[in-house]
Amino acid sequence: MSSTFSGAHRLYVKSLYKRFLVNELNWAARRDAWRPRALAIRAEFERNRNVKDPRALAEIFAKAEAQLADKLHPDPYIPAMMPGGTKWERNLPPPTGPIFDHEAEEHH
């Protein structure tokens, strides 16, 4: 099964799809409220699945990126333990090296 599009194209489409889903999840308070919107996003991606014309694809991608930029959540959800989260580096483990160098000559 050969494809006319490169792996980079497929990665871009997957990334765009995931960004849409994550953004919608940021707007939804619960997953059961998010699920119908996720299905609508999937249907939109499936509707454009068989487009082979590069110019038409570029137009579709430009519209999708603009739509995503317009609907970006101003305060997206960040898991607590991830960088930028509320617990990121809150309780760091103690350093494993010496705290005070007892063998230094200026301390004798």
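How close do the axes of α1 and α2 come, and at roughly what angle do they cross? They come within 9 Å and cross at roughly 155 degrees. The axes here are lines fitted to C-alpha atoms, for helices over the stretch in contact, with angles running from 0 to 180 degrees between N-to-C directions.

## About the model

This is a predicted model, in which local features need pLDDT of at least 70 and side-chain atom pairs count only at pLDDT 80 or more, while totals for chains, interfaces and linings use all residues. Residues are numbered from 1 along each chain as its sequence is written, and side-chain values use heavy atoms, leaving out hydrogens and water.

## The overall picture

The chain has three helices and zero strands, in the order α-α-α along the sequence. Helices (H or I, at least four residues) and strands (E, at least two) are DSSP runs numbered from the N terminus. Of the 108 residues, 16% count as buried; buried means under 20% relative accessible area, exposed over 50%, and partly exposed in between, using a 1.4 Å probe and protein chains only.

The chain exposes about 9200 Å², and carbon and sulfur atoms supply 58% of that area. These areas come from the Shrake-Rupley method with a 1.4 Å probe, and for residues only the protein chains shown count as cover. Among contacts with a separation of 6 or more, residues 24 or more positions apart account for 58%; a contact means heavy atoms within 4.5 Å.

## How α1 meets α2

Back to the opening pair: with that crossing angle, α1 and α2 are roughly antiparallel to each other. By the cut-offs used, angles under 35 degrees count as roughly parallel, over 145 as roughly antiparallel, 65 to 115 as roughly perpendicular and the rest as oblique. α1 passes α2 in a right-handed crossing. A crossing is right-handed if the near helix is turned clockwise from the far one by less than a right angle, and left-handed if anticlockwise. The α1 side of the contact includes V13, L16, Y17 and F20, and the α2 side includes W34, A38 and I41.

W34 of α2 is worth a look on your screen. W34 is buried, at 12% relative accessible area, and touches L21, E24, L25 and A28, not counting residues up to four places away in sequence. From W34 to E24 the C-alpha distance is 6.8 Å, though they are ten residues apart in sequence.

## How α1 meets α3

The axes of α1 and α3 come within 11 Å and cross at roughly 25 degrees, so these two helices are roughly parallel to each other. Here the crossing is left-handed. Contact residues include H9, L16 and F20 of α1 and L57, F61 and L68 of α3.

H9, in α1, is buried, with a relative accessible area of 19%. Leaving aside its neighbours within four places in sequence, H9 is in contact with L57 and F61.

## The nonpolar core

The largest nonpolar core has ten residues: L16, F20, L21, W34, A38, I41, L57, F61, A64 and L68. Such a core is a set of buried Ala, Val, Leu, Ile, Met, Phe, Trp, Tyr and Cys residues joined through side-chain atoms within 4.5 Å. α1 (7-27), α2 (31-47) and α3 (54-70) each supply at least two of its members, and α3 gives the largest share, four residues.

## After α3

P74 lies in the segment after α3 and is exposed, at 72% relative accessible area.
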